[in-house]
Amino acid sequence: MPETSSPPVALARVADIVRDTVRRFSAAGVPDPQVDAELLIAHVLETSRGGVQASAVRGDGFPDAAVAALASLVDRRCQREPLQHLTGVAPFRSLELAVGPGVFVPRPETEMVAQLAIDALRAVAADSPIAVDLGTGSGAIALAMATEVPHARVFAAENSVDAFIWTKLNVARVGAENLTLAFADLAVAFPELDGAVSVVASNPPYVPDDAIPRDPEVRLYDPPAALYGGPDGLDAVRRLSEVGLRLAHSGGTIVIEHGEWQGAAIRDILTADGWSSAATHTDLTMRDRATTAVRP
C-alpha cells in the first residue's frame with residue numbers, strides 16, 4: 001500500500017486565540033480581559049494592539065512558535081500577575097517605562113498628576129526652573145517633567161534598592177540629560193536645592209495600613225513600601241509638606257497624588273504647615289486624585 005502523508009495541521013487563527021484568552025481572563029476576574037488579551041498577544045507577536053486586531057479581522061493564523069510562549073504568560077496573568085510584569089513595560093504619557101517586581105507600576109491616573117506638575121513648571125518665568133520628584137519609583141513623573149519641559153532641571157529621589165534599579169534603567173532608556181537621579185530618602189533629599197525649587201511633586205504611599213487593596217495585582221505584586229502610608233495613609237504626606245517647604249522658593253508649587261477620600265485632610269495638613277491656595281483636583285473619572293498648594 002502506498003504511503004500517505006498526514007494532512008497539514010491548520011494554524012490556529014489569531015481571532016480564536018484572542019477569543020479564548022479573553023474567556024480565560026474573564027473567568028479569572030481580570031478587570032479588562034479584552035484589552036489585556038490583545039496587549040499580551042501583541043507582546044508575543046511583537047506587534048501592536050492594533051496589529052492584533054487587524055490580524056484577527058483578516059483571519060491570520062497564529063504562529064506555532066508563539067503558542068507556548070503565550071500559554072505560559074496567559075497562565076501567569078490568570079494568577080493575576082500584572083500585565084506590565086509580563087510585558088516588562090508600562091506606558092506613561094509619551095513614555096514606555098520598564099517595570100517589574102520591586103517597583104510600583106505607574107497608573108493612568110498618575111498621568112494627570114504629572115500634568116499638574118508640568119503645567120506648574122511651564123508657568124515658571126525662569127530660563128531653567130527646577131523640579132523635584134520625591135519617591136520617584138519607576139521615574140514616571142520625573143521623566144515626564146524632564147521630557148515635556150526640556151528647559152527645566154529635574155531631580156528625582158528614590159530610597160528603595162529594588163525600585164532604584166528600575167529608575168536607573170528608565171533614566172538610561174529615556175536619555176533625559178536634564179534629569180539628575182539620587183538614591184536618597186525624601187526627608188533629606190537634595191539639601192543643595194533648599195529654597196530653589198519651583199515644583200515639588202510626589203506620588204507617595206497613601207493607602208492606610210489596614211486598608212488592604214482588593215485587586216490581587218496591587219495586593220500581591222506592588223511593593224508594600226510604595227502602598228502603605230501609616231494608620232491614616234498620610235504619614236508620607238506630612239513629611240512631603242515639611243520637605244516641600246524646605247525645597248520650594250516663594251511661589252513654588254507642591255503636587256501630591258492621593259486617594260479619592262483624602263483631599264480635605266491633605267489640604268488641612270498643607271494649610272496648617274503654611275502652604276497657601278491648597279486645592280484638590282479630580283482625575284478623568286472625576287475622583288479626587290491630587291492636591292496642590294503654593295509656598296507663600
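Phe164 has a relative accessible area of 15% and is therefore buried, where buried means under 20% relative accessible area, exposed over 50% and partly exposed in between (1.4 Å probe, protein chains only). Phe183, at 47%, is partly exposed.

The model is predicted: local features need pLDDT of at least 70, side-chain atom pairs count only at pLDDT 80 or more, and totals for chains, interfaces and linings use all residues. Residues are numbered from 1 along each chain as its sequence is written, and side-chain values use heavy atoms, with hydrogens and water left out.

Searching the whole structure gives two aromatic pairs. Rings of Phe, Tyr and Trp (its six-membered ring) pair if their centres lie within 6.5 Å; planes under 30 degrees apart count as stacked, over 60 as edge-to-face and the rest as tilted.

| Pair | Centre to centre | Angle between planes | Class |
|---|---|---|---|
| Phe155 and Phe190 | 5.5 Å | 65 degrees | edge-to-face |
| Phe164 and Phe183 | 5.2 Å | 80 degrees | edge-to-face |

Phe155 belongs to strand β4 (residues 153-158) and Phe190 to the loop between β5 (179-183) and β6 (197-202), so their pair ties together parts 35 residues apart in sequence. Helices (H or I, at least four residues) and strands (E, at least two) are DSSP runs, numbered from the N terminus. Phe155 is buried at 9% relative accessibility, and Phe190 is buried at 6%.

Phe164, in helix α8 (residues 161-174), and Phe183, in strand β5, are 19 residues apart, and their pair links distant parts of the chain.

Arg107 lies over the face of Phe104, 4.4 Å from the ring centre; the criterion is NZ of Lys or CZ of Arg within 6 Å of the ring centre and within 35 degrees of the ring normal.
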